[in-house]
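Have the viewer open as you read.

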Amino acid sequence: AEIVEEFDNVQRAWRWAVAQHDVAAAERVVMSLGHVYWIRGRIHEAQERFGEALAELEQAPETHAYPQWPRLRMALQRHLGSFDYFLGDYTAAQVKLEVALHYAEEMADLEYKAEILNTLGAIAGFQGQIVFASERLRAALSIYEEMHNRTGMADVQQELSRLSIYIGDYAEAIRWAEASLHNARAEGRRDYSAYALITIGWANFCLGAYPIAKNLNQAGLAEFESIGHQLGIALALGGLGMMAWAGDAALAIAHEQIERSLVICRRLGHRLQTSHRLSMLALLAIDQGAYADAVRLADEGVALAQRVGNPNYEVLNLCCLAQAWLDQGSPATGRMHLIRALRLAEQYGLLPRLMMAFYVGALYLTYALSDPAHGDQSLLALQLLALARDHPAGWCVIRERAAQRYDELAANLPDGANRAARLPPLDCQAAVTKILGAL
């Protein structure tokens, strides 16, 4: 009730200020209104309201006399870019945010500059531009540190944590997220605290520490629910579903939690996280032998990831497609998706996805053993499984499955244990080259 009342009050103040062309009053509430829109997930409405306000105020000559006008114009551009980012329109977001960054630099407004650099860094990370993303995020963090702005530091540290997860550096991800949690709690930012909790939880999921991951995600979910943070609720539910899948093999519980997460993401119009949830459900469907469902889910997931330009979730969905087609006896179709997954994962340095692609690639080679035209690929399959089993960037659940397949394949080969033990280890680049040659 308090959240609804707060939102109504801020909305009324905003509408009055824009109608009166009172730039000073509008500038006082623009940040609060943008924040509440974000928390409640009313992004399409926010785009419309802020877009209309910017157009109206820009055309009213009297507004330009206000000393607050340049800052309000910058804030509106920044929010509009952030709303595009939320909805996965990264090109439109970058255009608006670069304009806002120009305004911030003109005004020497370091706080806004850091906010904008942080969002641009997050977008670059989602697009797979890891180095560029890190540069922008670290530039934002440096500004916040100089300003002793712990709220801003918490926000950027959260993004740096997420960036570390993309490349499979889970210890670094936990370090950044714990720093974010410390700063967020010091400033009383429950939303940033909750994000940090579920990020530490996800890193622990990847490492196989499922009870710890579950507890952290449940704590994050409780925080998000207490403030009505819709996207946060969806993210926490999805994480809990994956932990139920990998940690407990509780597929019914996992399905229910991920489906709830997917419904929220679709309602919010968050295409990126919709793609991720579709891949989660595809993984469950594969384990249940529902291969047609897995293909349907992952097909949509690939399409959404391509639309927003996110190679991370595109590769995850492609791996699901490759395995689903392979498991239902269509290796040629699976091969096509596997090749694209391998190339994308290598191109963008997405090591966790590459380990998953190596695992699926080994399944393909094992399946093809019965076809004389492919030759004996058992040793390459073993090498790929060993790499997926041993590489620290791989999800624990994939590493465990790779270990099981490795043992099964070695046991079924003549003198398999000794031959496997003599195999030289492959690095990632050599593994990609070899499997693409074999496919």
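Predicted model: local features only at pLDDT ≥ 70, side-chain atom pairs only at ≥ 80, totals over all residues.

Residues are numbered from 1 along each chain as its sequence is written, and side-chain values use heavy atoms, with hydrogens and water left out.

Start with α18 (residues 351–367) and α20 (residues 396–412), whose axes come within 10 Å and cross at roughly 25°. Helices here are DSSP runs of H or I, at least four residues, numbered from the N terminus; axes are lines fitted to C-alpha atoms over the stretch in contact, with angles running from 0 to 180 degrees between N-to-C directions. The two helices are therefore roughly parallel (angles under 35 degrees count as such). Which residues make the contact? From α18 come Met-355, Met-356, Tyr-359, Leu-363 and Thr-366, and from α20 Ile-398, Arg-401, Ala-402, Arg-405 and Leu-409 (contact means heavy atoms within 4.5 Å).

Now for the cysteines. A search of the whole structure turns up zero disulfides, a disulfide being a pair of cysteine sulfur atoms within 2.5 Å. For Cys-319, the nearest cysteine sulfur belongs to Cys-320, 7.1 Å away. Cys-319 counts as buried because its relative accessibility is 2% (buried means under 20% relative accessible area, with a 1.4 Å probe and protein chains only). The sulfur of Cys-396 is too far for a bond, because the closest cysteine sulfur, in Cys-206, is 9.7 Å away. Cys-396 also counts as buried, at 14% relative accessibility.

Key
Parallel < 35°, antiparallel > 145°, perpendicular 65-115°, else oblique. Buried < 20%, exposed > 50% of the residue type's maximum accessible area, 1.4 Å probe, protein only.
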